[in-house]
Amino acid sequence: FSGKSPNRIVAQKLRRIEVGTVMSRPVVVQDDSSTHDAIVAMFLEDCGTLFVVDEQGLLQGVVSRKDLLKLNMGGPQDLQKLPVGIVMTRMPNIVTVEAGDSVWTAAKKLVVHEVDAVPVTRRVARSDGKDGLEVVGRLSKTNITRLFVELGEST
Ligand code: ADP
């Protein structure tokens with residue numbers, strides 16, 4: 001390591017660790033779910049960001065805690081009747097990463113786009129011949145914080 005500053009060693013290490021090794025299981029809801037279903041899934045799965053997928057399992061949108069809280073601002077709503085598509089952020093405006101990307105690239109996206117989590121995706125051909133994104137994982141600020149703690153512990 002002679003000649004390398006400690007910062008440079010940390011930077012190189014972060015660029016070598018792949019998203020696939022630190023990501024979590026994705027929590028998804030179908031695009032025909034209600035906002036009530038989404039709230040229940042968020043509590044049961046203890047996760048702040050849900051990915052919305054179509055019947056082929058391909059990414060359609062993202063729902064965050066605040067997206068769901070916003071529903072209450074216009075007064076009481078029948079959440080069973082309101083589809084999740086009303087509040088989700090939609091493709092193609094979803095920020096994604098791939099399992100082979102570095103954790104540094106992923107962390108940078110979380111910061112630049114000011115989001116708590118990104119879906120880890122893989123490009124696949126849809127049945128209509130167009131491309132879609134299959135959701136294979138979830139990379140959140142929690143994964144980055146956990147890695148940070150682990151790196152700090154290692155000697
Ligand atoms: P919260 O709203 O709970 O603070 P975020 O900061 O992650 O959570 O979400 C802020 C907004 O950005 C929400 O409207 C959400 O739908 C959207 N969002 C969350 N994650 C992504 C993502 N990966 N790509 C694009 N938009 C996202």
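Me: Happy to look at this one with you! Which residues does UniProt list for "domain: CBS"?
Reply: The UniProt entry is unreviewed, its positions use the numbering here, its feature names are shortened, and annotations may be inferred rather than shown by experiment.

Me: Good to know. How is the model numbered, and what kind of model is it?
Reply: Residues are numbered from 1 along each chain as its sequence is written. This is a predicted model, where local features need pLDDT of at least 70, side-chain atom pairs count only at pLDDT 80 or more, and totals for chains, interfaces and linings use all residues.

Me: How far apart are the end C-alpha atoms of residues 88-154?
Reply: Helices (H or I, at least four residues) and strands (E, at least two) are DSSP runs, numbered from the N terminus. Residues 88-154 are 34% helix and 31% strand, while residues 22-79 are 29% helix and 24% strand, with end C-alpha atoms 34 Å apart. For residues 88-154, the separation is 39 Å.

Me: In what order do the elements of the protein run?
Reply: There are six helices and six strands in the protein. Reading from the N terminus, the order is α-α-β-α-β-β-α-β-α-β-β-α.

Me: Is β3 mostly covered or uncovered?
Reply: Burial can be counted residue by residue along β3. Five of its six residues are buried, so by that definition β3 is mostly covered.

Me: Which residue is the bridge partner of Gly61 in β4?
Reply: Strands pair if DSSP finds at least two bridges between them. Antiparallel β2 and β3 are joined by five bridges, with Val52 opposite Gly61. Two bridges also join β3 to β4 (residues 89-90), again antiparallel. In β4, the partner of Gly61 is Arg90.

Me: Lastly, which residue in the hairpin turn has a positive phi?
Reply: Strands β2 and β3 form a hairpin with five residues between them. The phi in question is about 80°, and the residue is Gly57.

Notes. Buried ≥ 20, exposed ≤ 12 C-beta atoms within 10 Å, placed from the backbone.
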